[in-house]
2 protein chains.
Amino acid sequence: MNNLKTITILFRAHNSLEKAIKDDVLKYGLNVSEFGVLEALYHKQTLSVKGIIDKVLVPNSSMSYVIENLVNKGYISKIQSLKDKRSFMLELTKDGRELMDKVFPLHKKNMRAILDVLDENEEAILQKALVKIGKASLNNN
Amino acid sequence: MNNLKTITILFRAHNSLEKAIKDDVLKYGLNVSEFGVLEALYHKQTLSVKGIIDKVLVPNSSMSYVIENLVNKGYISKIQSLKDKRSFMLELTKDGRELMDKVFPLHKKNMRAILDVLDENEEAILQKALVKIGKASLNNN
DNA sequence: TGAAATTATTTCGAATTCGAAATATAATTG
DNA sequence: CAATTATATTTCGAATTCGAAATAATTTCA
């Protein structure tokens with residue numbers, strides 16, 4: 001191919017999907033960044049700020065802000081690591097876990113409903129292609 | 001499938017790609033939104049603000065800001081339509097066109113270099129899958 | 001060991017993005 | 001044709017995001 005249509009399409013798909021997520025999590029008073037952090041902690045139990053930054057796609061300076069808001073909302077706790085005092089460990093509070101127990105299954109169901117317009121094979125191929133694109137874009141620095 | 005890995009992968013691919021574009025266009029003192037508008041006008045000659053909003057993925061309130069900056073930088077002109085005085089027509093100025101003549105071929109080459117990690121067939125399949133996902137996400141409102 | 005380099009995180013100010021309400025014009029319709 | 005509704009765009013204030021510099025702690029290695 002010799003045009004950039006694929007990029008346009010990728011951006012559109014991303015945008016619509018992000019909009020769907022945004023609408024979904026807004027019901028719980030969260031934005032997409034906040035939900036991403038909660039989701040990571042929901043699956044990983046405990047993570048350092050660094051660990052979260054690597055998982056969720058947000059620069060460190062923005063992450064401080066997101067984390068601060070989540071602490072203020074009472075959904076996560078932030079405790080300085082004893083081993084390495086530069087590092088802070090994050091986990092869900094009781095409230096945070098209860099929220100995610102309630103919200104995540106619904107969220108997952110809604111998102112799967114979208115992804116299920118693809119059959120298993122298509123979805124697998126999509127993943128592979130996207131991983132390739134992602135890697136190729138990184139080398140581009 | 002029964003997980004949301006595809007979404008994670010899609011978001012990562014989008015982010016890396018957007019970063020690559022950001023780095024590319026920053027060399028010309030543009031951000032991604034601005035470049036998107038210039039690109040649309042480069043291919044379409046003339047578009048109304050509404051027309052651009054539909055092409056580029058930016059809400060109207062943000063678009064006003066983006067357009068204002070491009071007018072200030074001298075890359076586009078904005079003229080009230082005579083037919084419909086609610087509407088404003090945008091096009092590239094001489095400077096804007098010269099910039100794009102210089103920048104776009106390079107940009108395209110860089111982006112194609114990334115997309116070319118896929119063969120023609122893979123890219124076509126990727127497009128189809130992404131279009132499906134995009135549509136499915138919209139219905140989700 | 002102790003200076004230099006590295007890593008984790010925050011702070012700061014500026015840029016961008018957003019949604020909702022406002023404005024202005026055009027189209028509809030009763 | 002006047003009142004209502006719809007469309008295009010901007011304004012506003014707030015929220016979010018960003019990059020760069022600052023801070024603080026750890027590691028390296030001469």
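In what follows, Ala, Val, Leu, Ile, Met, Phe, Trp, Tyr, Cys and Pro count as nonpolar, Asp, Glu, Lys and Arg as charged, and the others, Gly among them, as polar. With that division in hand, the surface near DNA strand D comes out as 7 nonpolar, 10 polar and 5 charged residues. Please keep in mind throughout that this is a predicted model.

Let me stay with DNA strand D for a moment. Of the 22 residues around DNA strand D, the ones that come nearest are Ser61(A) and Lys85(A) from one chain, and Val49(B), Lys50(B) and Ser61(B) from the other. If we ask which elements give two or more residues to this surface, they are H4 of chain A, together with helix H3 (49-55) and H4 of chain B. H4(A) gives the most to the surface near DNA strand D, with 5 residues.

Which element supplies the largest share of the surface near DNA strand C? That is H4(B), with 5 residues. By class, the residues of the surface near DNA strand C divide into 7 nonpolar, 10 polar and 5 charged.

That brings me to how the two protein chains are related. Two copies of a chain are related by a rotation about an axis and a shift along it.

As for the contact between the chains, chain A contributes 42 residues and chain B contributes 42 residues. On the side of chain A that touches chain B, the elements giving two or more residues are helix H1 (5-26), helix H5 (94-115) and helix H6 (120-139). That side of chain A has, by class, 23 nonpolar, 10 polar and 9 charged residues.

Two packed helices are described by the angle between their axes and the distance between the axes. For helix H2 (residues 32-44) of chain B and H4(B), the angle is about 75° and the axes are 10 Å apart. Angles of 65 to 115 degrees count as roughly perpendicular, and H2(B) and H4(B) are therefore roughly perpendicular to each other. From H2(B), the contact is made by Ser33(B), Glu34(B) and Val37(B), and from H4(B) by Val66(B), Ile67(B), Asn69(B) and Leu70(B). Sorted by class, this contact of H2(B) with H4(B) has 4 nonpolar, 2 polar and 1 charged residues.

Finally, the sheets, beginning with chain A. In chain A, 3 strands form an open sheet in the order S1-S3-S2, with antiparallel pairing. Why is one side of strand S1 (46-48) and of strand S2 (76-80) of chain A left without a neighbour in the sheet? Both stand at the edges, each with a single partner strand, so one side of each has no neighbour there. On average, neighbouring strands of this sheet are turned by 30° against each other, direction ignored.

Looking at the individual pairings, S2(A) and strand S3 (residues 88-92) of chain A pair in the antiparallel sense over 5 bridges. Within S3(A), Leu92(A) is the bridge partner of Ile76(A), and Phe88(A) is the bridge partner of Gln80(A). S1(A) and S3(A), for their part, pair in the antiparallel sense over 3 bridges, and here the bridge partner of Thr46(A) is Glu91(A).

In chain B there is likewise an open sheet of 3 strands in the order S1-S3-S2, paired in the antiparallel sense. Its twist averages 30° from one strand to the next. S1(B) and strand S3 (residues 88-92) of chain B pair over 3 bridges in the antiparallel sense, and Leu47(B) stands opposite Leu90(B) in S3(B).

Methods
Residues numbered from 1 in each chain as written. Chains lettered and ligands numbered in written order. Predicted model: local features only at pLDDT ≥ 70, side-chain atom pairs only at ≥ 80, totals over all residues. Pairing = 2+ DSSP bridges. Helix = DSSP H or I, 4+ residues; strand = E, 2+ residues; numbered from the N terminus. Axes fitted to C-alpha atoms, helices over the stretch in contact; angles between N-to-C directions. Parallel < 35°, antiparallel > 145°, perpendicular 65-115°, else oblique. Contact = placed C-beta atoms within 7 Å. Near = placed C-beta within 6 Å.
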